[in-house]
Amino acid sequence: MIAQERFRGLFQKYLLALFMAVAIPLVINGAIEAWFGYRDQRARVDQLLGVQATAAAAEIHDFIYGITNQLGWLVQVSWTDEPDERRRTDALRLFRQAPAIVSLTLLDNNGLERLYVSRIGLNRIESRADWSTDRALVGARATQIWFSTVSYHRGSEPYLTVAIVGNRQAVGAVVAEVNLKLIWDVISSIKVGKTGIAFVLDQPGRLIAHPDISLVLRGAEEATSGPFRTIRDAIGPEGGFATSRDAQGRAVAASAAPVPGPDWTVVVEQPLSEAYAPIYAALSRTATLLLISTIFAGFLAYALAHRMTDPIKLLEEGTERIGAGSFDHRISIQTGDEFQRLANSFNRMAGELALAQQHQERIAKLKRFLAPQVADLVDRTGDDSVLDGRRTDVVVVFCDLRGFTAFSAGVAPEEVMSVLSEYYEALGRVIAQFEATLISFSGDGLMVLVNAPVPVEQPALRAVDLAIEMQKIVQGLIAGWRSRGYHVGFGIGLAEGPATVGRIGYEDRLDYTAIGSVVNLAARLCASAADREILIDAEVAASVRGKRLLDDLGGRQIKGFDEAIPVFGISFNAS
Amino acid sequence: MRRANHTAAAPHGGVRRRDVLLLMTGAAAWTTSAYAQKPSMPVIGYLGPETPELFDSRLRAFHQGLREAGFVEGRNVAIEYQWARGQYARLPALATELVARNVDLVVASGGAQVALAAKASGTSKTIIFEMGGDPVQLGVVDSLSRPGGNITGVSSLSVDVSPKRLELMHELLPAASKLAVVANPTSPTANSQLQKLRSAAETLGVQLQTLNASKEEEFESVVSSVTQQLAGGLVFTSDPYFAFRSRRLADLAMKYRVPAITQTRDFPMAGGLMSYGGDFMQSHRRAGIYAGRVLRGEKPSDLPVQLVTKVELVINLKTAKFLGHEFSPALVSGADEVIE
């Protein structure tokens, strides 16, 4: 479970890292593209609306200019004091050509009204009313063409008064009333994009032209003109394009241009959704691409993360199994990269671990017959080549109990085993103390080797001392046993000479042993030794002579040897 | 384009409202055969003072306006007509009858009397009028920009320019010291027109002979009396009853060789001398547009009364020659249409 969780964590990290590595640049790229697209589109809208506004202003200007141009024909000829029928004809003709003109007043060089013609009211001829102080005439004299502020006839229809003077005083002036409702024909034909419109505001911000005539007819009302003025104010005097909301609350992009002369403003507006339609389209295109790329990045990251974590998972499982002791387990990763190398290392390690374990097992077995110190040495060096077969000089020590077979037949098995275990425990301690090699037990006897597998200084002396110590210990035990009525003795035989030493046996049943006549000799000496006796051959005797007390027991006939063999005894009481 | 957009959206809105209305009527267990046939279409109740034949050109203008607002009769709007056939006194009863048919909108076309009759019916449905004269002065609406209530419409300047007709007649006959005017005493605008005409006559320095005619039978005696009264010419006040009988008036004027002027171009076209008045094609067309806008859901109180400011002068030179008079060059050049 824990391993599983750890795996998942790593997978998530890889997945996240790889996903981010792909997705973040994509998102940044998309965002930058969108931002620049937005800016470009804004600039385009600005330019487009600006052009539209200028064009619309030009059309409105043309409307006004058309009227002033027509009016200019009425101030060409100098006035005389006589009534002028021709001027009336001109005025009536002008009515037909300029339907927006409601009435005309012709003034002479003295500012007196000479002719008034109207579509609705009665005409006046030669009324000679004095206009010289009228602000229309005063204004026109100052600027040649004068425009009044817009007034709303009966609170509904927007009217403008235009006054024009000729190029000299003698031709007088003309004052015309213009019904601005007729700009509708111009303004309704102006198209801004698909659904955009244009409208006109006068200087104070009242609506004077709009495609919806019903709004114009209420232009004097603040409630009607307010929203339009808001758009104009959003644009500001610097021009350019601005976003605002129309009367219905829809977001619009708007631009404005002035109409020179009457000081009006033409505003063109287009629903923002339409003005920004290209950028919205581009944005949704970018978003779709981004989404697709992100999903692709997700799949890619998932696949890559899997490729990275799968070998790790295999390694983890493999090491766990090897750790649990399955040294024959092999991790199979064929990625051709570091993971494969790592897996190969693990596999090699597992092989080495298996070897090391075999070695350990062998060492453990050695400890059964090697003195603990020797076994430790072999263990530490890890080298059991000392156990390999070779020929060397050894001292073989045999010992056994006398009369043990008779004793064992007479007492209970428990007693026999108790005696034997006391006996071997005592002997084992001595053998260990002298770092001798225990070769084998057989009943009440045992065989010990000195100078193999590890050579020692003065092996014969050590073997003799070993034998003396054995006798001392065992005789101590025997004294105890006698008190319990058990009659046994203990004898030892030693022989020195070359022998073949090494491991024998098979698989788990390997023993260390020595083969050679020296072994037989020692065994025979042991067999011929009486209780409390330590018999040694001539070799041993030669080695310890002078160092330990020897009894020359003379030649003895030993079984298996043709000639009598010189035998010596060691007195252990003396030492 | 803006217009077209509204058009596209409008029929759906209309349909929904219609459905609601239908449900309500159904709940009231109010069944009529008229409703069963086209339940999804809004219904316009059209009140006209004359016959459909006389109204033909006006109806075409009205339908054109409706079409501009996105409605076509029989396709997405139904129209129930109610014609007074010249009997103006029947208008209030006809208006009540039309309203009782539960129409969605009432169009009162062809004069102040029609508008007043429709208003008098007390309907809660929107009324769109087409008339001459000042709708504020006549008490039809509160103001031009804010009509108030459920009524709005289009007014031509025909009534306002009555004095202008006297002026034109005076200009043609500067020597005539006496001119006759004909008024329809049943018309709600008759008094104000006569008042203006009298003050204009004073300004122009002519005597005014006032004649009355409210029935077609009276026309001949009125025209024939002009010569007996020694009046130089005959000026008709603005009145739909006169306007729709232009042919008859033209025939009578020719018969008695009387120079006459009316409000509608139909008169010189039919052989009369001249006409000066509002352009009825425009006023009827705009009434149609307003009807369409109301059907799309706009409130009548948001639609200001539209004045058709275009007034046209039509003269017939042939008739002038026949009568032995000559138009001044100024008048000829100022005429919107000259019939030769």
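Contact here means heavy atoms within 4.5 Å. What we have is a predicted model, where local features need pLDDT of at least 70 and side-chain atom pairs count only at pLDDT 80 or more, while totals for chains, interfaces and linings use all residues. Residues are numbered from 1 along each chain as its sequence is written, chains are lettered from A and ligands numbered from 1 in the order in which they are written, and side-chain values use heavy atoms, with hydrogens and water left out.

T286(A) sits in helix α8 of chain A, residues 277–323. Helices (H or I, at least four residues) and strands (E, at least two) are DSSP runs, numbered from the N terminus. Is T286(A) buried or exposed? T286(A) counts as buried because its relative accessibility is 16%; the cut-offs are under 20% relative accessible area for buried, over 50% for exposed, and partly exposed in between (1.4 Å probe, protein chains only).

**A covered strand**

Now for β8 of chain A, residues 197–201: five of its five residues are buried, so the strand is largely enclosed by the rest of the structure. In a regular strand the side chains alternate between the two faces of the sheet. For β8(A), I197(A), F199(A) and L201(A) lie on one side, A198(A) and V200(A) on the other, and all are buried, so both faces are covered.

Which strands pair with β8(A)? Pairing takes at least two DSSP bridges between two strands. One partner is β12 (residues 264–271) of chain A, antiparallel over five bridges; another is β9 (residues 207–209) of chain A, antiparallel over two bridges. L201(A) takes part in both pairings: L201(A) stands opposite T265(A) in β12(A) and opposite L207(A) in β9(A). β8(A) and β9(A) make a hairpin with five residues between them, and G205(A) in the turn has a positive phi of about 100 degrees.

**Domains, and a helix in chain B**

Domain bounds come from an automatic or database domain assignment. Chain A is split into domain 1 (278–368) and domain 2 (370–570), with C-alpha centres 59 Å apart. Chain B has domain 1 (2–158 + 279–311) and domain 2 (162–277 + 312–339).

Helix α6 of chain B, residues 162–172, is mostly covered, with ten of its eleven residues buried. Among them are P163(B), L166(B), M169(B) and H170(B).

**Two interfaces**

The size of an interface is often given as the accessible area lost when the parts come together. Buried area is that loss (1.4 Å probe), summed over both parts. A salt bridge is a side-chain nitrogen of Lys or Arg within 4 Å of a carboxyl oxygen of Asp or Glu. A polar contact is a pair of N or O atoms within 3.5 Å; within protein, one must be able to donate a hydrogen and the other to accept it, and residues adjacent in sequence count only if both atoms are side-chain atoms.

| Interface | Buried area | Carbon and sulfur share |
|---|---|---|
| Chain A and chain B | about 2,900 Å² | 50% |
| Domain 1 of chain B and domain 2 of chain B | about 1,500 Å² | 57% |

Between the chains, 34 residues from chain A and 41 residues from chain B make the contact. Of the area that chain A buries against chain B, I120(A), L122(A) and R154(A) supply 22%, more than any other three residues. The rule finds four salt bridges across this interface. In a salt bridge between E171(B) and R88(A), the closest N and O atoms are 2.3 Å apart. There are also 13 residue pairs in polar contact between chain A and chain B (both at pLDDT 80 or more). Which helix gives the most to chain A's side? That's α2(A), with six residues.

Inside chain B, 19 residues of domain 1 are in contact with 22 residues of domain 2. Q113(B), S158(B) and V311(B) supply 37% of the area that domain 1 of chain B buries against domain 2 of chain B, more than any other three residues. The count between these domains is two salt bridges. R58(B) and D266(B) meet through their side chains in a salt bridge (3.3 Å, N to O).

Definitions and conventions: Buried area = accessible area lost by both parts, 1.4 Å probe.
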